[in-house]
Amino acid sequence: MSSSSNGRGFLEVAGSHTLEHFINDVARDITDPETHLTVWKRQQAHAIERAKAEDKEKVRSRADWRIAALGSGSDYTPFLQHLGIPSLNIGYGGEDTSGIYHSIYDDFYFFTHFLDTDFAYGRALAQTGGTAVIRLADADILPFQYANLADTVRTYDEELQLLLKKKREEVAERNREIQDGVFAAIDDPRRPRIAPKVETMPPALDFTPMSRAIEVLTRRAAALDEARGAAAKKSAPAAALAAIDAKIALSEQQLLDAAGLVHREWFKHLLYAPGFYTGYGVKTVPGVREAMEQGEYQRVPAEMGRVAQALEREAAWLDSITKMLNGLK
């Protein structure tokens with residue numbers, strides 16, 4: 001877990017979605033220094049205000065607010081995207097716009113005179129990070145929850161299907177404009193431009209393998225969460241709980257692929273990676289998404305197959321944890 005405070009405002013979290021429910025629970029127990037609401041409630045209000053009109057009710061009714069996916073950062077990239085260790089990046093911000101990061105002005109004077117001048121949010125950040133670490137250390141069963149992971153991956157699947165639809169519509173419209181002579185008609189002969197060429201229509205893609213794997217993962221996640229609730233009422237031996245925790249700790253690694261991503265084999269996580277052209281910025285389901293964005297549609301079926309297999313591995317791993325939980329006396 002890495003933390004940084006960019007000033008005052010709202011709790012900002014990015015990380016593994018297996019830890020989404022956990023960090024939401026932590027946020028419910030930390031008081032916001034300015035409003036005296038919980039930082040969870042303040043962040044929910046912030047999310048509602050920023051959401052599109054059609055999404056506001058979803059944000060309002062969801063039990064946990066969503067956390068962002070992690071792109072790149074030296075604090076966590078080796079752990080999450082290479083080794084498959086669940087990671088979180090937490091901080092407070094949103095009220096201040098400093099613009100001084102990694103400059104000569106990024107110093108103690110600027111922070112104490114223009115950002116978190118009384119260290120109120122520095123204290124809140126310490127409370128948030130400290131509470132999270134203590135709860136992880138003291139938990140009999142590691143507080144990873146998988147329903148939110150499955151729900152998030154479903155949104156990625158929907159985004160990819162929408163991306164393909166948008167690409168096909170864009171190509172169809174551009175080709176029609178070329179055939180109708182639109183570009184020739186609007187060209188200025190004094191400053192002639194080369195009209196775009198007719199493009200091949202992106203192929204229809206079969207998302208079924210990935211969608212089916214998500215459905216299996218969703219069922220296995222629900223079963224595990226139910227088994228965890230039942231296990232919490234039992235007085236299980238420490239050795240049995242330790243074995244379960246060891247299994248949970250390795251669950252994220254099921255989402256890795258030893259071959260790595262195309263052109264950057266060091267990045268092995270199939271759900272999160274910094275974009276090839278975006279620097280720190282994240283690309284979710286990067287193998288599939290970037291193949292589509294670059295028009296390399298011939299690569300998509302294989303990439304989608306890799307993701308489906310990773311989700312199936314994760315589902316099988318969760319099933320094995322569920323059996324261990326159900327076997328507790």
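**A close look at helix 12 and its surroundings**

A: Helix 9 and helix 12 cross in a left-handed way, meaning that the near helix is turned anticlockwise from the far one by less than a right angle, whereas clockwise would be right-handed. Please keep in mind that this is a predicted model, in which local features need pLDDT of at least 70 and side-chain atom pairs count only at pLDDT 80 or more, while totals for chains, interfaces and linings use all residues. Residues are numbered from 1 along each chain as its sequence is written, and side-chain values use heavy atoms, with hydrogens and water left out.

Helices and strands here are DSSP runs numbered from the N terminus (H or I of at least four residues for helices, E of at least two for strands). Two packed helices are described by the angle between their axes and the distance between the axes. The axes are lines fitted to C-alpha atoms, for helices over the stretch in contact, with angles running from 0 to 180 degrees between N-to-C directions. For helix 9 (residues 208–231) and helix 12 (residues 300–326), the axes come within 8 Å and cross at roughly 20 degrees. By class, their contact comprises 19 nonpolar, 2 polar and 5 charged residues. In this count Ala, Val, Leu, Ile, Met, Phe, Trp, Tyr, Cys and Pro are nonpolar, Asp, Glu, Lys and Arg are charged, and the others, Gly among them, are polar.

Helix 12 also packs with helix 10 (residues 238–249), at an angle of about 170 degrees and with the axes 10 Å apart. That angle is why helix 10 counts as roughly antiparallel to helix 12. The crossing of helix 10 with helix 12 is left-handed.

A side-chain contact is worth a look here too: the charged end of Lys247 sits over the ring of Trp317, 3.9 Å from its centre. The criterion is NZ of Lys or CZ of Arg within 6 Å of the ring centre and within 35 degrees of the ring normal.

Let's step back to the whole chain. The protein chain has 12 helices and 5 strands, and its C-alpha atoms fill a box of roughly 80 × 55 × 40 Å, taken along the principal axes. Of its 329 residues, 44% count as buried, where buried means under 20% relative accessible area, exposed over 50%, and partly exposed in between (1.4 Å probe, protein chains only).

Now for the aromatic rings. The structure holds 6 aromatic pairs, counted when ring centres of Phe, Tyr or Trp (its six-membered ring) lie within 6.5 Å; planes under 30 degrees apart are stacked, over 60 edge-to-face and the rest tilted. One of the pairs joins Tyr92 and Tyr121, tilted at 50 degrees between the planes and 5.5 Å centre to centre. This pair links distant parts of the chain, with Tyr92 in strand 3 (residues 88–94) and Tyr121 in helix 6 (residues 120–138), 29 residues apart. Tyr92 is buried at 0% relative accessibility, and Tyr121 is buried with a relative accessible area of 0%. Phe111 and Phe119 form a tilted pair as well, 5.6 Å centre to centre with 40 degrees between the planes. Phe111 is buried at 17%, whereas Phe119 is partly exposed at 38%. Together with Phe108, Phe111 and Phe119 form one aromatic cluster.

Finally, some loop residues deserve a visit. Trp266 lies in the loop between helix 10 and strand 4 (272–274) and is partly exposed, at 39% relative accessible area. His36 has a positive phi of about 65 degrees although it is not a glycine. You will find His36 in the loop between helix 1 (20–27) and helix 2 (39–50), exposed with a relative accessible area of 61%. Val285 has a positive phi too, near 45 degrees, again in a residue other than glycine. Val285 sits in the loop between strand 5 (282–284) and helix 11, and it is buried at 0% relative accessibility. Within helix 11 (residues 286–293) is Val288, which is buried at 0% relative accessibility. From Val288 to Lys329 there are 41 residues in sequence and 44 Å in space, C-alpha to C-alpha.

Key:
Angles under 35 degrees count as roughly parallel, over 145 as roughly antiparallel, 65 to 115 as roughly perpendicular and the rest as oblique.
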